[in-house]
Amino acid sequence: MTDTPRLAGTLATEGDLRTNYASPAKAVLDKVFPHLDPHSRHFIALSPFFCIGSSRADGLADVSPRGGEPGFVHAIDDTHVAFPDRPGNNRLDTLTNIVHQSAVGLVFFLPGVGEVLRINGQSHEGPFYHVK
């Protein structure tokens, strides 16, 4: 594997980035789906841990861990997942962020598996989070 060369100067635009990095491989582009496929739903059902990324009102990013027994996150349908709001430290960082900015990213992990599942969407706080 070749290391990415150190870049001189500032990369201020997406165009600057694209001229300094290779295009993603077709296989990388093909793994993005507009819905949860059967493999994704199975991965979620097996996962005991994920992280949720959100943004504060001032734009600063935040990532919080969420864990439980495998199956604590449910794929409700092909575009929604739900998970319980379990007791935590009561800072309410993620919930407060969602009130201000509903965009979230979820990264699911399986112990011993070298792949992750990423889901990006909009969240709506309730007794469960619904990510679309």
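**Group meeting talk: a walk through one predicted model**

At 66% relative accessibility, N90 counts as exposed; exposed here means over 50% relative accessible area, buried means under 20%, and partly exposed is in between, with a 1.4 Å probe and protein chains only. So, hi everyone, let's start there. This is a predicted model, where local features need pLDDT of at least 70, side-chain atom pairs count only at pLDDT 80 or more, and totals for chains, interfaces and linings use all residues. Residues are numbered from 1 along each chain as its sequence is written, and side-chain values use heavy atoms, with hydrogens and water left out.

Back to N90. You'll find N90 in the loop between β4 and α4 (93-100). Helices (H or I, at least four residues) and strands (E, at least two) are DSSP runs, numbered from the N terminus. Phi of N90 is near 65 degrees, a positive value in a residue other than glycine. Most residues other than glycine have a negative phi. L92 sits in the loop between β4 and α4 too, and L92 has a positive phi of about 60 degrees without being a glycine. L92 is partly exposed, at 47%.

Now, salt bridges: a side-chain nitrogen of Lys or Arg within 4 Å of a carboxyl oxygen of Asp or Glu. By that rule we get 6. One of them pairs D93 with R91, at 2.9 Å from N to O. Another joins R41 to D78, with the closest N and O atoms 2.7 Å apart. What does that pair tie together? R41 lies in helix α3 and D78 in the loop between β3 and β4, so the pair links parts that are 37 residues apart in sequence. Then there's E14 with R18, at 3.5 Å; both are in helix α1, 4 residues apart, about one turn of the helix.

β3 (residues 74-77) and β4 (residues 80-82) run antiparallel, joined by 3 bridges; strands pair if DSSP finds at least two bridges between them. Look for H74 standing opposite A82 in β4.

Last stop, the inside. A nonpolar core is a set of buried Ala, Val, Leu, Ile, Met, Phe, Trp, Tyr and Cys residues joined through side-chain atoms within 4.5 Å. The largest one has 16 residues, and those touching the most other members include I44, F50 and V73. At least two residues each come from α3 (38-46), β1 (49-55), β5 (103-109) and β6 (116-124), with β5 giving the largest share, 3 residues. That's me done, thanks!
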